[in-house]
Amino acid sequence: MEKCPVCKEESKGKYWCKSCRTVFVCPGQGCEYEIRKRGLDDCPKCGLLFEDYLTQRKMYRKCPKCKKKQGLSDPQCRYCRYWFNCPTCGHKVPSTSMLTCPRCATSLR
Ligand SMILES: [Zn+2]
Ligand SMILES: [Zn+2]
Ligand SMILES: [Zn+2]
Ligand SMILES: [Zn+2]
């Protein structure tokens, strides 16, 4: 274990600190996004909610549109049908107001 730069305890793992629960690298599968900003609830890249993962190893995300919580693996919100990722190319849809994929122009309606 390394020393955590936030709480100074020797409890920093590869992904997060066990004592203050600061996330340094997203533990989402295949994500490995480096979290530079502190105090984030979810990963800016894959959307993983850290709280649920750190406490119960559950992979959830919150829909940016309807705010409902659901499994991280679904590409589309099961409540409001917002696409998290493009159904054709898998590109992350960066905004809730996009009607087409910015990469391949697939309709997201
Ligand atoms: Zn810490
Ligand atoms: Zn992530
Ligand atoms: Zn939704
Ligand atoms: Zn696309």
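**Glu32 and the ground rules**

I started with Glu32, which counts as partly exposed because it has 14 C-beta neighbours inside 10 Å. For the record, a residue is buried if 20 or more other C-beta atoms lie within 10 Å of its own, exposed if 12 or fewer, and partly exposed in between, with C-beta atoms placed from the backbone. I note that this is a predicted model, where local features need pLDDT of at least 70, side-chain atom pairs count only at pLDDT 80 or more, and totals for chains, interfaces and linings use all residues. Residues are numbered from 1 along each chain as its sequence is written, while chains are lettered from A and ligands numbered from 1 in the order in which they are written.

**Backbone angles**

Next I checked phi of Glu32 and found a positive value near 55 degrees, in a residue other than glycine. Most residues other than glycine have a negative phi. I found another positive phi at Arg21, near 65 degrees. Arg21 has 15 C-beta neighbours inside 10 Å, so I put it down as partly exposed. I also wrote down that Glu32 sits in the segment before α1, and that Arg21 lies in the segment before α1 too.

**Val25**

Which residues does Val25 touch, leaving out those up to four places away in sequence? My list has Lys14, Tyr15, Glu32, Tyr33, Glu34 and Ile35. Contact here is two C-beta atoms, placed from the backbone, within 7 Å. Val25 is partly exposed because 15 C-beta neighbours fall inside 10 Å. I place Val25 in the segment before α1, the helix at 50-56. I also looked up Lys92: it is 67 residues from Val25 in sequence, and their C-alpha atoms are 19 Å apart in space.

**The whole chain**

Stepping back, I get one helix and two strands, in the order α-β-β from the N terminus. Those are DSSP runs numbered from the N terminus (helices H or I, at least four residues; strands E, at least two). The domain assignment gives domain 1 at 1-62 and domain 2 at 75-109, with bounds from an automatic or database assignment. I have their C-alpha centres 26 Å apart. The C-alpha atoms fill a box of roughly 50 × 25 × 20 Å along the principal axes.

How much of the chain counts as buried? I get 20% of the 109 residues. Last entry: among contacts with a separation of 6 or more, 9% come from residues 24 or more positions apart.
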